[in-house]
Amino acid sequence: MRKLFIALGFAFTLGFAQAQTAEVPKEKWYHAGIEQTGIYGVNTDQALDFLKQHKRKANTIIVGVLDSGVENFHEDLKANMWKNPKEIPGNGIDDDKNGYIDDVYGWSFLGTAKGISYNDDTTEVTRVYKHLAEKYDTYNQKKNQLAISNNPSEYAEFQRVQKDYLTAVGKAKYNQQVGQARLNAIEGGINKMVLEFGDTKLSKDILKNYQPTDSQILESLWIFGELKEEQWIGKTMQEVANFYLASARRAAKGDALTSHLNLNLVDRKDVDNPSDKTERFYGNNDSNGPESTHGTHVAGIIGAVRGNNIGSEGTAGGNNVKIMSVRTVPNGDERDKDVANAIRYAVDNGAKILNMSFGKTFSPDKELVWDAFKYASDKGVLIVKAAGNSNENIDIDIHYPTNFKNNQPVSKSVLTVGASTKDPNALKARFSNYGKKSVDVFGPGQEIYATYPGVDQYRFLNGTSMASPAVAGVAALVWSHYPKLTAEDIRLILMETVNKNDQLKDISVSGGVIDSYKAVQKAEEIYKQRKLK
């Protein structure tokens, strides 16, 4: 599922208010402490109070966000963006001799040396299917049969891939048809509502008391059953219409058929040599990219500026964190070669923690990624990665990148994160993957408020994509105050100090949700035991 987040499908019932778990602002719930509120947040404020009491000073720590790109000029991020101190912006020279020209805020492996960046790419199942179909599903039946007899095990794999690919195509065609029908049914009514409401800012009371007389409008009101409050309260009907109709038009257009599942998509032209797996130096310095929604939200969860009275606040707890953007994930599946190179780039340029909020079900060049995992581990870097959003046991249904090779961990400094909610009675997010062996901890991942591309923009999003940076931020909080600990130390501290819950006991290694207060307490204890200062 590529970038592992889910846009909120907002539920709304006219005339009824949504129950609150505790008296905690919904924008800040993931910072809450379980003892004070009953909510399994990461407990940021108590951790910061503890550090202040123990007179712990924060050291600068760089977190690499391997994602779709990060809007480095966002009001709540720009002060905490990493800037390459050895690179002179815009001079077209590789000043620091690292192989990447003008990499001021990071790097993109999704663009050409001439500065052209791309967004759409295929899924990995499409790429694997195309490669194997050229062997086993050609117009030459004799050639097909010879290939099958020469490699029956690979042919069996082709049959599995073919089924997955064709199923995805069928689903995309169905969604396209449904999307067009829905668009036809609602567009007229929505446009009439735009005229009726004009510049009025919508509220619950306004919508509850609205008495439409036009049948077309009545047939379109159900769109509020698909929207959540944050997507319409305080907005004009025109703003709501623009948002909803854009989504409906994308579905009707069938974007998946023209990009993700398109066997003829020319998606890497002039970027790199795909057949050269050892190639390192390609791409460009456009670390924002043409569509940085996902990466900007992830970056904000980790490192949004604290104390500026705007937007959100990162779980790293302060302004000691610096976000390095490494553009790795397109609108499609990330490529193993890009992932491996992104890891190496971030490590070589000073990142101590890497956040990887993406994943997929096929990984033809997984050895490249495993080698990069080992490289990061050898350099003392912690990798925090999302578990995925398929509600699957990834001990059985493998999602890549995985830290397991032949059932054994490749690295001792990789932390895989599932998504939890603010509801203590339904703690695992319904979409989150799980695994007694493969998911280490859980972190807040449902209705997470953070930075979003655009002028002063912030949004709520769901996903293990949000849970992973929540945990990466906590790791940065601990490590920046206790810099003599190792990546393995930080990983174990985070796992050993979770708030345990029986709901998570059999679906993760640690059986609990991350807690930064308990983590810094443990780090302080270790410092005293080792007589570190």
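A: Happy to. One term before we start: helices (H or I, at least four residues) and strands (E, at least two) are DSSP runs, numbered from the N terminus. Also keep in mind that this is a predicted model.

Q: Good. Where does serine 259 lie?

A: Serine 259 is in the loop between helix H9 (255-258) and helix H10 (293-303).

Q: And is serine 259 buried or exposed?

A: Serine 259 has a relative accessible area of 2%, so it counts as buried. Setting aside neighbours within four places in sequence, its contacts are Asp120, Asp121, Thr122 and Leu265.

Q: What does arginine 491 pair with?

A: Aspartate 440 is the salt-bridge partner of arginine 491, with the closest N and O atoms 3.2 Å apart. Arginine 491 belongs to helix H14 (residues 487-496), while aspartate 440 is in the loop between strand S11 (414-420) and strand S12 (441-444), so the bridge ties together parts 51 residues apart in sequence. Arginine 491 and aspartate 440 are both buried.

Q: And what about lysine 405 and glutamate 367, how do their side chains meet?

A: They meet in a salt bridge, at 3.2 Å from N to O. This pair also links distant parts of the chain, with lysine 405 in strand S9 (residues 404-405) and glutamate 367 in helix H12 (residues 366-378), 38 residues apart.

Q: Why does lysine 405 count as partly exposed?

A: Because its relative accessibility is 28%, and the partly exposed class runs between the 20% limit for buried and the 50% limit for exposed. Glutamate 367 is partly exposed as well, at 40%.

Q: Switching to rings. How many aromatic pairs does the structure hold?

A: It holds 16 aromatic pairs. In one of them, the rings of phenylalanine 224 and tryptophan 232 have centres 5.5 Å apart and planes at 80 degrees, so this pair is edge-to-face. Phenylalanine 224 is buried at 2% relative accessible area, and tryptophan 232 is buried at 0%.

Q: Which arrangement do tyrosine 449 and tyrosine 458 form?

A: Those two are stacked, 5.9 Å centre to centre with 25 degrees between the planes. Both tyrosine 449 and tyrosine 458 are buried.

Q: What joins strand S13 to strand S14?

A: Five bridges join S13 (residues 448-452) to S14 (residues 457-462), and the strands run antiparallel. Tyrosine 452 has glutamine 457 in S14 as its bridge partner. Four residues lie between the strands of this hairpin, where glycine 454 takes a positive phi near 120 degrees.

Q: What sits over the ring of tyrosine 452?

A: The charged end of arginine 459 does, 4.2 Å from the ring centre. Elsewhere, lysine 437 lies over the face of phenylalanine 404, at 4.6 Å from the ring centre.

Q: What does isoleucine 353 touch?

A: Not counting residues up to four places away in sequence, isoleucine 353 touches residues including Ile61, Val63, Val381, Ala472 and Trp479.

Q: Last topic, the backbone. Which peptide bond is cis?

A: The bond from tyrosine 400 to proline 401 is cis, with omega near 0 degrees. Proline 401 is in the loop between strand S8 (382-386) and S9.

Q: And what is the phi of asparagine 309?

A: About 60 degrees, a positive value although asparagine 309 is not a glycine. Most residues other than glycine have a negative phi. Asparagine 309 is exposed, with a relative accessible area of 78%. Asparagine 406 also has a positive phi, of about 55 degrees, and counts as exposed at 70% relative accessibility.

Note on methods
Residues numbered from 1 in each chain as written. Heavy atoms only, no water. Salt bridge = Lys/Arg side-chain N within 4 Å of Asp/Glu carboxyl O. Buried < 20%, exposed > 50% of the residue type's maximum accessible area, 1.4 Å probe, protein only. Phe/Tyr/Trp six-rings, centres within 6.5 Å; stacked < 30°, edge-to-face > 60°. Lys NZ or Arg CZ within 6 Å of the ring centre and 35° of its normal. Pairing = 2+ DSSP bridges. Contact = heavy atoms within 4.5 Å.
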